[in-house]
Amino acid sequence: MSDQTDKAGDGIHENHWCEHPACKKWGGFGYSRSKAEKSTWHCWEHYPHKQIKNPPTSRQAG
């Protein structure tokens with residue numbers, strides 16, 4: 001058993017806001033190509049790597 005009560009970095013919270021210009025939403029979706037690269041943060045609307053499972057179709061009736 002260890003006498004250590006906390007780990008380095010415990011309790012640290014960083015606010016991530018969407019990096020899209022003029023967007024004030026919370027940036028809950030981060031992305032970086034490697035651990036060495038600083039992450040970019042985006043809201044879902046502006047997240048560049050999202051995948052839409054069922055995109056709307058543009059079929060016209062008739």
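**Exercise 1.** Is Trp 26 buried, partly exposed or exposed?

*Solution.* The model is a predicted one. Step one: the relative accessibility of Trp 26 is 40%. Step two: buried requires a value under 20% and exposed a value over 50%. Trp 26 is therefore partly exposed.

**Exercise 2.** Classify the ring pair formed by Trp 17 and Trp 26.

*Solution.* Step one: the ring centres of Trp 17 and Trp 26 are 5.3 Å apart, and a pair requires centres within 6.5 Å. Step two: the ring planes of Trp 17 and Trp 26 stand at 85 degrees, and planes over 60 degrees apart count as edge-to-face. The pair is therefore edge-to-face. The structure holds four aromatic pairs, so this pair is one of them. As to accessibility, Trp 17 has a relative accessible area of 48% and is partly exposed.

**Exercise 3.** Classify the ring pair formed by Phe 29 and Trp 44, and state where in the chain each residue lies.

*Solution.* Step one: the centres of the two rings, Phe 29 and Trp 44, are separated by 5.0 Å and their planes by 55 degrees. Step three: Phe 29 belongs to strand E1 (residues 29–31), whereas Trp 44 lies in the segment after strand E2 (40–42). The two residues are 15 residues apart, and their pair links distant parts of the chain. Step four: Phe 29, at 36% relative accessible area, is partly exposed, and Trp 44, at 42%, is also partly exposed. Together with Tyr 47, Phe 29 and Trp 44 form one aromatic cluster.

**Exercise 4.** Describe the surroundings of His 42.

*Solution.* Step one: His 42 is located in strand E2. Step two: the relative accessibility of His 42 is 12%; the limit for buried is under 20%, so His 42 counts as buried. Step three: the side chains of His 42 and Thr 40 are joined by a polar contact of 3.2 Å. Step four: beyond its neighbours within four places in sequence, His 42 contacts several residues, including the aromatic residues Trp 26, Phe 29 and Tyr 47. Cys 18, Glu 19 and Pro 48 are also among them.

Note on methods:
Residues are numbered from 1 along each chain as its sequence is written. This is a predicted model: local features need pLDDT of at least 70, side-chain atom pairs count only at pLDDT 80 or more; totals for chains, interfaces and linings use all residues. Side-chain values use heavy atoms; hydrogens and water are left out. Rings of Phe, Tyr and Trp (its six-membered ring) pair if their centres lie within 6.5 Å; planes under 30 degrees apart count as stacked, over 60 as edge-to-face and the rest as tilted. Buried means under 20% relative accessible area, exposed over 50%, partly exposed in between (1.4 Å probe, protein chains only). Helices (H or I, at least four residues) and strands (E, at least two) are DSSP runs, numbered from the N terminus. A polar contact is a pair of N or O atoms within 3.5 Å; within protein, one must be able to donate a hydrogen and the other to accept it, and residues adjacent in sequence count only if both atoms are side-chain atoms. Contact means heavy atoms within 4.5 Å.
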